[in-house]
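Dear colleague,

I am passing on the structure below for you to look through alongside your own work. My notes on what was found in it follow directly after.

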Amino acid sequence: MTADQHAPKHAGSASDLDTRLLLPPPHDPVPGWGQSLSRGAAGIALLHITRARRGAASWKAAHSWVTAATRAPISMHPSTGLFHGAAAVAFILAYADHPAYADALAVLDAHIIEQTRYRVDAAHQRIDRAELPALAEYDLISGLTGLGCYLLHRFGHSRALRDVLDYLVRLTKPLRARQLDGALVPGWWSSHDHTDRPSPALPGGHANLGMAHGIAGPLALLATAQRRGVTVNGQPKQSTASADGWTTGGKDHPTARGGPNGSPSANIALTAPASRGRHGRAGATEPPASPEPSSSPPSPSTTPSVSRPPRTPC
């Protein structure tokens, strides 16, 4: 069977859907599959929810996939974010705007707001220590930018969103990194590679300009929030200054030396002395294994259970 035969077809009608997208499996193929927006039931549920909202299908298939997404405890592990865990599941329930999901969504929202505040506090403490961030601290996929996007979409103006925006404004400011002997770098400069783990290939760190894991995501959220009337102190100035520093390649920018001929590339490595700090395993890690789902999954309106790891001092 070719790769083309495995690819999902255009979702115009039920007969056009890949057969694997019609009904969820009775059990999660791997732990955490249900609550993945990019690789699991949550993402497929979003497809069926979209079709139901447009009148192209009934809600039956959407309910089946939402049930699959919520039958195991939903993770609030620090490595989760918009694409996996509580925020991913809450995103599809909020988009559905169906009364059957109202109670479950309220529970998830409370946990997401609490977790967002906890992660913002941890991020500020990291900045206070002048340490470089993990990509998953701030990025769109697993970090506070993704959580901020959910909060903006879900609530518009909220204290939790403003806390995220305050942090992102601070993130765009230069940092004298302790690991780089006080070298001045952007606040989002990281020694982590694309797996979000410390890498010996990046002894001086690097600047990621991408949308998923780089500074483009935070800047997009700051700009979108501003267009919707949600602003915090320093937001317009810092987002503009940070963007201009890279798009113009100005020689006075703290990291102008990082790009070839002064022009930044998508990922720029700083040729600085190797870090002398000790790096633990940090950033985006695999979520803990979820328990096997019960033989009789709950209805979509059942309030989900939320799995939260014990918190340790920062």
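Of the 66 residues that make up the largest nonpolar core of this predicted model, those touching the most other members are I92, L93, Y150, L165 and Y167. The element that gives the most to this core is helix α4 (residues 86-96), with 9 residues.

Both L165 and Y167 are also listed among the buried residues of helix α8, together with A160, L161, D163, V164, L168, V169 and L171. For Y167, once its neighbours within four places in sequence are left aside, the residues in contact with it are V120, A123, H124, R126, I127, E137, Y138 and L144. The geometry of α8 (residues 159-171) can be checked as well: at 1.5 Å a residue its 13 residues should span 18 Å, and because the end C-alpha atoms are 18 Å apart, the model agrees with that expectation.

Turning to the strands, β2 (residues 174-177) has L175 and A177 on a covered face, whereas P174 and R176 lie on an uncovered one; in a regular strand, side chains alternate between the two faces of the sheet. Strand β2 runs antiparallel to β3 (residues 183-186), to which 4 bridges join it, and P174 stands opposite P186 of β3. In the hairpin that these two strands form, 5 residues lie between them, and D181 takes a positive phi near 55°.

For the chain as a whole, there are 10 helices and 6 strands, and 47% of the 314 residues count as buried. Among contacts between residues at least 6 apart in sequence, 70% join residues at least 24 apart.

With best regards

Technical notes
Residues numbered from 1 in each chain as written. Predicted model: local features only at pLDDT ≥ 70, side-chain atom pairs only at ≥ 80, totals over all residues. Heavy atoms only, no water. Expected span 1.5 Å × (residues − 1). Buried < 20%, exposed > 50% of the residue type's maximum accessible area, 1.4 Å probe, protein only. Core = buried A, V, L, I, M, F, W, Y, C linked by side-chain atoms within 4.5 Å. Contact = heavy atoms within 4.5 Å. Pairing = 2+ DSSP bridges.
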